[in-house]
Amino acid sequence: MGTQAAQKSERYFVPQPSAWPFVLTASLIALLGGVSAYLEEDHIGPIPIYAGLAVAIYIIFRWFRGVALESEGGMYSAQVGRTYRWGMSWFIFSEVMFFGAFFGALFYARELSLPWLGGEGSKIATNLTLWPGFEAHWPSNGPAQLGGAFKTIPAFSVPAINTAILLTSGVTITMAHHALKASKRGACILWMWATVALGCAFLYLQAHEYIEAYTELNLTLRSGIYGSTFFMLTGFHGMHVTLGTIMLISITLRLMSGHFKPDSHFGFEGVAWYWHFVDVVWLGLFVVVYWL
Amino acid sequence: MAHAHDDHAHGGHGHDDHAHGPDKGIMRWIKTTNHKDLGTLYLFFAFIMFFIGGLMSLVIRAELFHPGLQFVDPEFFNQMTTLHALVMIFGGLMPAFTGLANWMVPMMIGCSDLALPRVNNWGFWLLPFAFTMLLSTMFMPGGGPAGGWTLYPPLSLQTANAFPFLIFSIHLMGISSITGAINVVVTILNMRTPGMTLLKMPLFAWTWLITGYLLIAVMPVLAGAVTMLLTDKYFGTSFFSAAGGGDPVLFQHVFWFFGHPEVYILILPAFGIVSTIIPTFARKQLFGYDSMVYATAGIAFLSFIVWAHHMFTVGMPLAGELFFMFATMLIAVPTGVKVFNWVATMWRGSMTFETPMLFAVGFVFLFTIGGFSGVMLAMTPVDFQYHDTYFVVAHFHYVLVPGAVFSVIAAIYYWIPKWTGRMYNEFWGKTHFWLSTIFINLTFFPQHFAGLAGMQRRVPDYALQFTDFNVISSIGAFGFFVSQFIFIFNVLASCYGWFGRQRNAPDRVWEGARGLEWTVPSPAPYHTFEDPPELPAHEVTGVHDH
């Protein structure tokens, strides 16, 4: 280790061979194979799912912990830092494209498929022969009214509050970043816990909204194309907020145990970027899913 | 490839900081974070997948040797066409190109390894698991997926027990591609040796940079599309159900938004390889380096706005048909720039025709045939006749087999002396080229005629008048498959030193070759450039001849 420390920051850090990725893959296969069998009712039981999930979480924890310790051990040069920055940027770009597929589906349903089913333009024959009497409207659960009549969640109720919460959390994490850069670790940790609290508040309200949708509004995943796009978009976003909150908690705990320096804290920045990404996706959701 | 570089693990550098030698036995390959080891794993994996996918194509060609049904039932035939495509695209070509990027990009741009070596290991090991999962579906109740690799609903939703395994295996392949692509892109952007500006990079690095960008952009879209299939089948969503206000055509749009850039993902690295090999054996600089870069970027841009040309007959509005027709035809312009530049590079060069050059020149001719039939298919009214016929099959196999696959073969012949230190056998290499070229044309050229005359793809039977074309095509397919054993033996002999092959390849294996990879010993040391190397002016392949 002595020689490593002596030559840090000169050479690009190339890690030792590692079994983490292989074990992670094996656990993912157990997890996904178990879920597949469950979906097809093959009755192989829940053990592969739970075991796969547990091992995957353990490996992910070990892996990130290892990276954090390597970083704190001074093994990363500035060039490694740039690698992580580029890597995180491209990863977030890929996430944007993933959400793009679902936003695209929403756009297509509202602007094309529903009007066509309603007989717009040259599609009059579709309407007359297949779905006579159907008029395009939004929100819609389609000409067969799948899932039955439903109500939607007004944009300027809980979703507006959630928008305010996420925007505020973007401010608090920025305050934490400034505090970290000014070497005010105590303030930074407080701002981080504030951010975590806001993330949890968002998730609580989102869960509340889902329960209300299912129990009182009859708005479910089965409510035609509206229910499909609503729950898939907000659901995937909620999963990302959950992941982001876990990331926030883990870097806050790292801050409390003395990690990160005012001039070197990529882990912090990566999480902050991710949090802002989640924030921006929510703004898109608020406008096109809840409001318009 | 396999053990070639073991004993050079410590050669040349004299640093023994953390233990650099790889682990022994199987654990070396499971735990490795070395770009050369992983490149080797990728290439061997691709080999195996090409073999499995090739066997599937032989089932198809055997069944189509005669009209009528003889060997397999139609359901199994449909599984073969579906899995052949998935295996060849996601298991063969993409890992082969990633393996070449693993091996060559760090050596070309002068860095120690890929930027994220552990992620690199993960990206590789996802693949054998994902394909075990995918191929296991053939043995499940109801058989494997049989709705075509494009997975169009509602047909694909009728897949039996195999369905979730299919979807999740595609998710895993997608994660593999995205991690691999992020790795290559970050390596190229961040780890070039001082002095290697972007416009001095070897073209293979350039084409992989743009390929990586495409992969990061579109693999998540595929993940989204197949996720919607999954929830439509099991969780009651209505994305692709008109009854709920969705549309099966929506799937086609989302799928081809992935699928068309995917086509360029499969060919841009091939362009990079050919642009590397032709200047070497023409002993001239690449003609129009800058225009090659801009043409690659132009193709990548256009690839995002042409997807619906796969869907001309689906009933799109006229404005859509026209837009996608013209946008598609535009692609012929940057592609034409490339073909012109390759020909101009050869023009008045001191040409020799070693095996890599033969495959590269074969690529230029035969890929261009596929390009021309692509322009024909781009014309909307004409496509109404061609759609889903063997003309389409002939078109995309011309760009993928004597196109992309030939480039992979050329790359392996070109660089294997650098990887192993042992030359391949030139006579058998040339024999391999000529047999491959003859048989691949026998296989796919007649399919143009069968398709123009109306023979449908993905059907195990056909009308009598197509018999002659299909007999020729099947003979060609079997001949091509058998010819590849020459390649396998030639490559393995270089890897393992069979037939008395000596490890005597010089550093600069081809005297016309330039680039940093030719400044290091053959085989290249296990860790090649731990310190960024000097970039001598005469090794710069990105030359601007003003």
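Pro139(A) is found in the loop of chain A between α5 (124-129) and α6 (158-181), where helices (H or I, at least four residues) and strands (E, at least two) are DSSP runs numbered from the N terminus. A cis peptide bond with omega of about 0° joins Trp138(A) to Pro139(A). This is a predicted model, in which local features need pLDDT of at least 70, side-chain atom pairs count only at pLDDT 80 or more, and totals for chains, interfaces and linings use all residues. Residues are numbered from 1 along each chain as its sequence is written, while chains are lettered from A and ligands numbered from 1 in the order in which they are written.

**Loop between α4 and α5 of chain B**
- Pro154(B) has its place in the loop between α4 (117-136) and α5 (162-190) of chain B, and a cis peptide bond with omega of about 0° joins Pro153(B) and Pro154(B).
- Leu151(B) lies in the loop between α4 and α5 of chain B, and its phi is positive, near 60°.
- Leu151(B) counts as buried because it has 24 C-beta neighbours inside 10 Å; the cut-offs are 20 or more other C-beta atoms within 10 Å for buried, 12 or fewer for exposed, and in between for partly exposed, with C-beta atoms placed from the backbone.

**Loop between α13 and α14 of chain B**
- Asp388(B) is placed in the loop between α13 (380-386) and α14 (390-420) of chain B, and its phi is also a positive value near 60°.
- Asp388(B) has 15 C-beta neighbours inside 10 Å and therefore counts as partly exposed.

**Background**
- Most residues other than glycine have a negative phi, and most peptide bonds are trans.
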